[in-house]
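Open the model in your viewer and have the selection tool ready.

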Amino acid sequence: MNRGLKRKRWPMILSLLLVFQLLLTGGAAIADESEDSAASSAGPVTLLAGNATWRYFDRGKDLGGDWKNVSYDDSAWSSGQAPFDYPADTGTSEFGSVKTAVSYGPDSKKKYPTTYFRTTVQATKVSDVQQIQGTFGVDDGVVLYVNGEEAYRFNMPEGDIRYATLARESKSDPRTVTADLTVVLKGKLRDGANVLAAEVHQGSAGSSDLYWDMKLVANPDDSGNGGNPQSGKPTAIALTYYDDPKTSMAFAWYTSDKITGTQLQVVEASKLNGNSFPSEGVQKYQGTSQAISVYLTLADKSNHKTTKYSSHKVIADGLKPGTAYAYRLGDGTAGNWSEIGTFTTEPASDNGFTFLYTTDSQAKT
């Protein structure tokens, strides 16, 4: 199956039942423009540019939990421009090479497990922003907080994170990660000053490097929303075989809880008119939707805070065996159709597919 959808973070999260997600931001100043800047700008607004200035604490001391709070006094911390790393020639294509070197302590074989970072973002009209995307440069793991609350973690174990906690795995090079932060950040960012805090953890005491930088971009509308489940467009689209795979295919996706219509359109791929659905020869199906509530973060679970979505399901039947089809999903509204994806039904012969079965190493049959 080959969908044209290249949405990443949210589709992955919601496909796994929208359990816990990552999210956060970091920062310098959020658009310091006119009163209508963030909400009415015609294009994306950079809330936090990469290579921003952060305060950091690299002295090998456990600061407990107070360091991430809004009221914490970080005036005695050092200050520098991201990206941060040990004195090493590492970098990413997104953020570039190291601009500020941090200390790992007196012993290169027993490096400090955690380095702390803080910055402030000035936000305006947060409620009007439709989509917020974060991009992070990380080595090895990070936990991020907004105004004292956890918002996102990457390559870190579940549960309480302490100064001595190591990242899940140690990597030789920093990684660039992109995440849709809309739901969590709109619940934690506020108009005015916002404190963003990050604790970067090593994967081992002998880890060769550390890396930290990030940027934050907001879209004033939901066009190109990157799979934002609070928009009307489908996200976390999943296709699966149902009944006879020669003649049918099942579809499932998520949207904002305000969207209840469930429609599927299917047409033979050879009849596509470029990237547009033709007006004739289209098979149309009506499905069902169900309201669901999920926890998006560990903090939400602790606070018993759920987020509502609509879960949609529909089955396409009466298809031809061994035929390539194109499809789109939505609620029937012109602006809410998904991008066009494709799939191929099983050939008429009984040996049309070969499967490789894999499972998590801790799974049970």
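Select Lys111 and Tyr104: Lys111 lies over the face of Tyr104, 4.9 Å from the ring centre. A charge counts as over a ring if NZ of Lys or CZ of Arg is within 6 Å of the ring centre and within 35 degrees of the ring normal. Next, select Arg328, whose charged end sits over the ring of Phe277, 4.9 Å from its centre.

This is a predicted model, in which local features need pLDDT of at least 70 and side-chain atom pairs count only at pLDDT 80 or more, while totals for chains, interfaces and linings use all residues. Residues are numbered from 1 along each chain as its sequence is written, and side-chain values use heavy atoms, leaving out hydrogens and water.

Now look at ring pairs. Rings of Phe, Tyr and Trp (its six-membered ring) pair if their centres lie within 6.5 Å; planes under 30 degrees apart count as stacked, over 60 as edge-to-face and the rest as tilted. The count comes to 18 aromatic pairs. Select Phe84 and Phe117: their centres are 4.9 Å apart and their planes at 50°, so the pair is tilted. Is Phe84 buried or exposed? Phe84 is buried, at 0% relative accessibility (buried means under 20% relative accessible area, exposed over 50%, partly exposed in between, with a 1.4 Å probe and protein chains only). Phe117 is also buried, at 0%.

Move on to Phe251 and Phe343, an edge-to-face pair with 5.8 Å between centres and 70° between planes. Phe251 is buried at 2%, and Phe343 is buried at 1%.
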